[in-house]
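Dear colleague,

Please find the structure below, together with its sequence.

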Amino acid sequence: MGNVYVLDHPLIQHKLTYIRNKKTGTKEFRELVDEVAGLMAFEITRDMPTEEITIETPVTEAKTKILSGKKIGLVPILRAGLGMVDGILRLIPAAKVGHVGLYRDPNTLKPVEYYIKLPSDIEERELIVIDPMLATGGSANDAIHSLKKRGANNIKLMCLIAAPEGVEVIQKDHPDVDIYLAALDEKLNEKGYIVPGLGDAGDRLFGTK
């Protein structure tokens, strides 16, 4: 079964407090999500393989390390996932970015796919699926199914916050996918919202209601 990592670094937790606060406005919310995504990227890339090469410094010859192995692909789930992409790209500028568009049917709470565009070589890349909220798990679950159907075989899931119900769905359907969170919250309410949560991430990122 995939591992669940809750990234409890003090800087992540500090910024997450302001992200949760309903008084935080759109501009500040967007900046904080961007910053937390960058901080989380440090942890999610911790196991990336490296190889040793020889270079010339201004002083002498040195053996140093560079990244090797699989390339990275970022796959934000539209639209809220877009708010976390730039923070990661600042650390991994060579990563390719795909997009999966899903919306949740308000009656069934099931995800409906309306758009997908991916790098042509996803089977060769380590993919990071990005969605700020892992609530029922439906959207992330469906996005991961879509990627696997198209040849992806190395996938991680990155979310700001999650409900236990969503984590359980991903672990059941995708035991090969590790999950990275800034926080694991208490539960879902009767409307499918994470408690205590942060509200609707897409609305707060883009100033919509």
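This is a predicted model: local features need pLDDT of at least 70, side-chain atom pairs count only at pLDDT 80 or more; totals for chains, interfaces and linings use all residues.

Residues are numbered from 1 along each chain as its sequence is written, and side-chain values use heavy atoms, with hydrogens and water left out.

Nonpolar cores. A nonpolar core is a set of buried Ala, Val, Leu, Ile, Met, Phe, Trp, Tyr and Cys residues joined through side-chain atoms within 4.5 Å. Buried means under 20% relative accessible area, with a 1.4 Å probe and protein chains only. The largest core has 37 residues, and Ile-19, Met-40 and Leu-160 touch the most other members. Among the elements that give two or more residues to this core are helix 1 (10–20), helix 2 (26–44), strand 10 (155–162) and strand 11 (178–184); helices (H or I, at least four residues) and strands (E, at least two) are DSSP runs, numbered from the N terminus. Helix 2 supplies the largest share, eight residues. Beyond its neighbours within four places in sequence, Ile-19 is in contact (heavy atoms within 4.5 Å) with Phe-29, Leu-32, Val-33, Val-36, Leu-160, Leu-198 and Arg-204. A second, separate core of 22 residues includes Leu-102, Leu-127, Ala-152 and Ala-162.

Strand pairing. Two strands pair if DSSP finds at least two bridges between them. Strand 4 and strand 6 (residues 99–104) run parallel and are joined by two bridges; Ile-77 has Val-100 of strand 6 as its bridge partner. Strand 6 also pairs with strand 7 (residues 111–117), in the antiparallel sense and over six bridges. There, Gly-101 is bridged to Tyr-115 in strand 7.

Largest pocket. A pocket is found on a 1 Å grid over the protein atoms alone, as an open set of points where a 1.4 Å probe fits, with protein on both sides within 12 Å along at least five of seven lines; lining residues have an atom within 4 Å of a point. The largest pocket holds about 690 Å³ of space, the volume being that filled by probe spheres set on points joined across faces, edges and corners. Its lining has 29 residues, and Leu-102, Tyr-103, Arg-104, Ser-139 and Asp-200 lie nearest the centre. Strand 6, strand 7 and helix 4 (138–149) are among the elements that give two or more residues to this lining.

Ile-170 is found in helix 5 (residues 164–173) and is buried, with a relative accessible area of 0%. Not counting residues up to four places away in sequence, Ile-170 touches Leu-134, Gly-137, Ala-140, Asn-141, Ile-144, Leu-157, Pro-175 and Ile-179. Ile-122, by contrast, is found in a loop, between strand 7 and strand 8.

Cis peptide bonds. Most peptide bonds are trans. The bond from Leu-78 to Arg-79 is cis, with omega near 0°, and Arg-79 lies in the loop between strand 4 and helix 3. Val-195 and Pro-196 are likewise joined by a cis peptide bond, with omega about 0°; Pro-196 is found in the loop between strand 13 (194–195) and helix 6.

Yours sincerely

Notes: Buried means under 20% relative accessible area, exposed over 50%, partly exposed in between (1.4 Å probe, protein chains only).
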